Protein chains: 2
Amino acid sequence: MRKGISIGKLSKQASLRIAGLMSGTSADGVDVAIIDFSNTLKVLAFDTYPYPPSVSKAISKLFSNEKTQVSDICHLNFVIGEVFADAVLKLCRKSRISINSIDLISSHGQTIYHNPKGSRFGRILLRSTLQIGEPCVIARRTGKTVVADFRPADIAAGGQGAPLVPYADYLLFSHKKKNRIVQNIGGIANLTWLKASAGIKDVLAFDTGPGNMIIDHIAQLITKDRYRYDVDGRIAAKGKVDTSLLEKLMQHKFLKRRPPKSTGREEFGAAFSNRLYNTAAKAGLKPADIIATVTAFTARSIIAAYRCFLPLLPDEVILCGGGAKNKTLVKMLKEQIKPAKVLLTDDFGINADAKEAISFAILAGETIRGIPNNIPSATGAKTPVVLGKIIPGKI
Amino acid sequence: MRKGISIGKLSKQASLRIAGLMSGTSADGVDVAIIDFSNTLKVLAFDTYPYPPSVSKAISKLFSNEKTQVSDICHLNFVIGEVFADAVLKLCRKSRISINSIDLISSHGQTIYHNPKGSRFGRILLRSTLQIGEPCVIARRTGKTVVADFRPADIAAGGQGAPLVPYADYLLFSHKKKNRIVQNIGGIANLTWLKASAGIKDVLAFDTGPGNMIIDHIAQLITKDRYRYDVDGRIAAKGKVDTSLLEKLMQHKFLKRRPPKSTGREEFGAAFSNRLYNTAAKAGLKPADIIATVTAFTARSIIAAYRCFLPLLPDEVILCGGGAKNKTLVKMLKEQIKPAKVLLTDDFGINADAKEAISFAILAGETIRGIPNNIPSATGAKTPVVLGKIIPGKI
């Protein structure tokens, strides 16, 4: 029998050094985190590398679902593979970590389409998702085994292919005695519920509603794009919450829907925010009051989700995402969730900006060990599955 | 340390039962072969399953590189994954092979774009290729580990991503004492040179020129599409080869180019064949004479490649591809390569129609064992690499 070098060896290592690559829907660049992970996590390095402008532009064009030639997608897949490989090599050089010391690379890929509702194929409804950034290029340039493309396996198992980060939250933050929530506040806000001594089946994860999306949009409006967001929550701090507008916002039907649930720009994007701003301005609210009110809306809708949809209230809430830097928002959350403690992932040695890249690095480690790493209660998958595709590194 | 079930186990099995899925550029369906492979090959089952008409149509649209929405490609990737999974399950049922007895599935995928010449990305020229047919869907529906997407790794290693079948030819047909050629005659004709006791570095593989492409096109023209090809070479058998036209055709510059080289529709497709037909008809050649002459062109160009570009003449030529069924063509080849023996892959227990699906099944077995399975001298890759992506099956 001919013999090669098997990737089986990696699956037996107690500790893995993993570089995680993540690029989000903003399509502005790629995050890279390098971690050592066994039973504990050590984050060794993190940085973000912006995409070349031509790449950002090409991706944005795909986002709009404009018609494109398949030749362009074919090319862009390899281009982004090169960009990802470069990012890993750059971070290694910068942080003086030898690429040889890395065991595994994880690449989420750049999502160019995600269709969790599904489209018809004959009599069946097929969900689908598409990430690009050719992992074979990453494997070749770095010489390392790569795990990539995590979402399709969950979709094939009947899930929505998202959210996948809760599995990493479960490994990183679940506690024997404390009920915890990991609360991410990105454009949309989402939580991972980790009751004390949680098993994987106890984990809940869903979108709670808007995160920074409305605040950002209105901050851009009232500062005429001088600010892209309400830095440190300073505008909100100067304003006064309009209770009647807040109560009206809290009637939004998304907040009443039972989890698992997810939302996005369709519900809380530009159209919603413009309407809201115009109504509020007509009613005589000052710009700062509007920002204060929508900030309160984000805080209230988060806490409402805890009260409505979780079996218990948390002992600790661990914040991450851009919203964790909005001091006014955090203050509101603290007041409303008392006596629970509000912490940051940073308090656990996890840079909030790096958290997603770290999470996918952790997912890749599980994949290489053959451990199922989706959370069916979060994604809707019928069963646990091992996510991702494994690309063998250099022999 | 958390433990899962590793795919490492498969890499240690001396014998693997593998289902190979292959769909070619005709986009009319998917070939499935089931083999047992250790040091010897046993083909257990083979069949072809046509694509649903909507799928064929969608792929043809992509082939023409018309503009499409990325949402359509995203959906089609999952659709074809379902079609592939179905095909494996159907062949298992039909041939009474339990799906449980299968160790591994190999999926070439449906190529929707292949750009071996490359496109610019900044200062570098990037080759690329794109196959669809989501392998996670195949893994999920069958419960089996899948190896898929063989071409990108070779491209990442600096190759053209093709041809990949010569590696399987090398394993299946190389002989201690005989110099052999595996001659495939599809639309284009290509060979794999296997000198006696060949090592992998001795293998040569390249396109020799036209296969059936010109014959088919002109057969369709003169029968007004009643025949899609010259069945058994019957038309050619009735005609007379026009030596002066043949000599002119033999001046084609592709035949003089040094290997590795590849050609396609751009050089020998409809445009070329139409021009050739018109010239010949004007010169007074009868339809059967034209067919006879282009059949002789295919034969002569194949033999010319042996004489010009191989270090030795073969002891045996092993034919496969549709052209192996063209009796007139085979007769011409036999006359010109005497005293070498002309055989069919069928003489080795390998159904010519199944050969590609079998070849990719063999490639997947090598991948799971971590054995590099491209042939750099054939693809132009800088080094040997392990091709493909591994998708873990059900736990």
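Tutor: Buried means under 20% relative accessible area. Keep that cut-off in mind; this is a predicted model.

Student: Which residues of strand 7 of chain A point the way opposite to Thr145(A) and Val147(A)?

Tutor: In a regular strand, side chains alternate between the two faces of the sheet. Strand 7 covers residues 145-148 of chain A, and all are buried. Thr145(A) and Val147(A) point one way, and the other way point Val146(A) and Ala148(A).

Student: Which residue stands opposite Ala148(A) in strand 13 of chain A?

Tutor: Strand 7 of chain A pairs in the parallel sense with strand 5 (residues 104-121) over four bridges. There, Ala148(A) is the bridge partner of Ser107(A). Strand 13 (residues 389-391) of chain A runs antiparallel to strand 7, joined by three bridges. In strand 13, the residue opposite Ala148(A) is Lys389(A).

Student: Which strands stand at the edges of the open five-stranded sheet of chain A?

Tutor: The strand order is 10-9-8-11-12, with mixed pairing. An edge strand here has a single partner, so one side is left without a neighbour in the sheet. The edges are strand 10 (204-210) and strand 12 (341-344).

Student: What is the bridge partner of Leu319(A) in strand 12 of chain A?

Tutor: Strand 11 (residues 316-320) and strand 12 of chain A pair in the parallel sense over four bridges. The partner of Leu319(A) in strand 12 is Leu344(A).

Student: In chain B, how many Å apart are the axes of helix 12 and helix 13?

Tutor: Helix 12 (residues 287-309) packs on helix 13 (residues 327-337) at about 35 degrees. The crossing is right-handed. The contact has ten nonpolar, four polar and two charged residues. The distance between the axes is 9 Å.

Technical notes: Residues are numbered from 1 along each chain as its sequence is written. Chains are lettered from A and ligands numbered from 1 in the order in which they are written. This is a predicted model: local features need pLDDT of at least 70, side-chain atom pairs count only at pLDDT 80 or more; totals for chains, interfaces and linings use all residues. Side-chain values use heavy atoms; hydrogens and water are left out. Axes are lines fitted to C-alpha atoms, for helices over the stretch in contact, and angles run from 0 to 180 degrees between N-to-C directions. Helices (H or I, at least four residues) and strands (E, at least two) are DSSP runs, numbered from the N terminus. A crossing is left-handed if the near helix is turned anticlockwise from the far one by less than a right angle, and right-handed if clockwise. Ala, Val, Leu, Ile, Met, Phe, Trp, Tyr, Cys and Pro count as nonpolar, Asp, Glu, Lys and Arg as charged, and the others, Gly among them, as polar. Two strands pair if DSSP finds at least two bridges between them. Buried means under 20% relative accessible area, exposed over 50%, partly exposed in between (1.4 Å probe, protein chains only).
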